[in-house]
Amino acid sequence: MSTWNKIMECVPNFSEGRDLEKIDKIVAPFRAKTGVKLLDYSNDEDHNRLVVTVVGEPVALKQAVLEAIGVAVELIDLNKHSGQHPRMGAVDVVPFIPIRGCSMEEAIALSKEVGEEVGARYAVPVFLYEKSASAPCRENLAAIRKGEFEGMAEKIHQPEWKPDFGPAERHPTAGTVAIGARMPLVAYNVNLGTNQLQIATDIAKKIRFIGGGLRYCKAMGVELKERGIVQVSINMTDYTRTALYRAFELVRIEARRYGVPVVGSEIIGLAPMEALIDTASYYLGLEDFSMNQVLEARIME
């Protein structure tokens with residue numbers, strides 16, 4: 001990996017979190033490939049969702065991602081899918097993130113190449129989102145996904161929701177997909193000591209940007225049935241501007257009005273070291289601490 005000139009990250013989300021055999025087949029294209037390294041994958045049964053984190057040289061990464069999308073389109077039927085997480089496609093979202101030696105412009109170009117190929121090869125409609133969006137109303141993934149798989153059958157016929165690539169007709173089993181380029185995102189969930197989903201939903205509405213909360217924060221309430229608790233599921237879209245500890249503390253403040261404790265939190269997939277160091281600095285009260293003082297960061301320079 002150290003010999004790669006350009007390192008691009010991709011974090012595709014697939015709508016399958018329960019069938020381990022299918023999950024293995026979807027992840028397989030990322031294994032043992034020259035120019036590609038599978039860093040992490042995690043499946044969640046409540047969300048019924050698989051999140052894969054992979055890095056690679058742009059051309060090799062593009063081919064592996066296209067192969068995995070093909071497998072998912074073949075294996076996943078959204079007519080039979082249910083889960084806590086909103087979804088509109090078998091492959092729900094495919095973000096490209098520039099990591100080293102490449103620019104956001106290159107990530108945008110790669111996302112468009114992949115989008116065009118997905119539309120042509122698999123007949124799955126593609127919406128470009130975030131930095132790749134073709135219109136301001138398409139930047140926000142939640143706006144594109146509103147109505148989910150079921151609602152997209154009608155929504156896609158509206159002129160303002162014509163896909164950027166592929167047919168203007170929802171794929172009968174694989175739905176639609178959002179592909180784009182973005183900053184590194186931290187998927188961060190805060191668990192609450194209650195089984196009342198409405199409390200988590202109310203808190204999510206208060207802390208997310210669209211509800212007057214934190215600028216780079218998206219959030220929703222999720223029920224964790226097996227554990228008998230609920231969760232505020234959060235996406236921190238720019239950890240350099242809105243720190244993780246702020247989201248954690250704001251959830252705790254809002255939970256207090258319901259007499260509900262925070263019982264833990266979790267990070268899904270991989271998180272940038274800086275996001276965690278920033279939070280550690282806050283809770284330890286470190287003065288004038290910088291990433292230059294992190295041993296591993298200096299070694300990797």
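At 56% relative accessibility, Glu 21 counts as exposed, where exposed means over 50% relative accessible area, buried under 20% and partly exposed in between (1.4 Å probe, protein chains only). Lys 25 is partly exposed, at 43%. The side chains of Glu 21 and Lys 25 meet in a salt bridge of 3.8 Å, N to O; a salt bridge is a side-chain nitrogen of Lys or Arg within 4 Å of a carboxyl oxygen of Asp or Glu. Both residues lie in helix 1, 4 residues apart, about one turn of the helix.

This is a predicted model, in which local features need pLDDT of at least 70 and side-chain atom pairs count only at pLDDT 80 or more, while totals for chains, interfaces and linings use all residues. Residues are numbered from 1 along each chain as its sequence is written, and side-chain values use heavy atoms, with hydrogens and water left out. Helices (H or I, at least four residues) and strands (E, at least two) are DSSP runs, numbered from the N terminus.

**Salt bridges**

A search of the whole structure finds 15 salt bridges. Among them are the following.

| Pair | N to O distance |
|---|---|
| Glu 21 and Lys 25 | 3.8 Å |
| Lys 33 and Glu 67 | 3.3 Å |
| Glu 249 and Arg 252 | 2.8 Å |

Lys 33 is partly exposed at 31% relative accessible area, and Glu 67 is partly exposed at 37%. Glu 249 and Arg 252 both belong to helix 7 (residues 244-256) and are 3 residues apart, about one turn of the helix. Glu 249 is buried, at 18%, whereas Arg 252 is partly exposed, at 34%. Arg 49, Asp 92 and Arg 145 are linked in a network of salt bridges.

**Cores and helix 2**

A nonpolar core is a set of buried Ala, Val, Leu, Ile, Met, Phe, Trp, Tyr and Cys residues joined through side-chain atoms within 4.5 Å. The largest has 44 residues, and those with the most contacts inside it are Val 65, Ile 69, Val 94, Phe 96 and Val 118. Helix 2 (residues 58-75) supplies the largest share of this core, 9 residues. A second, separate core of 24 residues includes Ile 199, Tyr 239, Ala 255 and Ala 275.

The buried residues of helix 2 include Pro 58, Lys 62, Val 65, Ile 69 and Gly 70. The expected span of a helix is 1.5 Å times one less than its number of residues; the 18 residues of helix 2 should therefore span 26 Å, and the end C-alpha atoms are 26 Å apart, which agrees.

**Strand 8**

In strand 8 (residues 186-192), 7 of 7 residues are buried. Val 186, Tyr 188, Val 190 and Leu 192 point one way, and Ala 187, Asn 189 and Asn 191 the other way. Two strands pair if DSSP finds at least two bridges between them. Strand 8 runs antiparallel to strand 10 (residues 229-236), joined by 7 bridges, with Ala 187 opposite Asn 235. Strand 8 also pairs with strand 11 (residues 262-268) in the antiparallel sense over 6 bridges, and Leu 192 stands opposite Val 262.

**Loops**

Ala 32 sits in the loop between helix 1 (20-27) and strand 3 (36-44) and is exposed, at 86% relative accessibility. Leu 286 lies in the loop between helix 8 (273-284) and helix 9 (295-299) and is partly exposed, at 39%.
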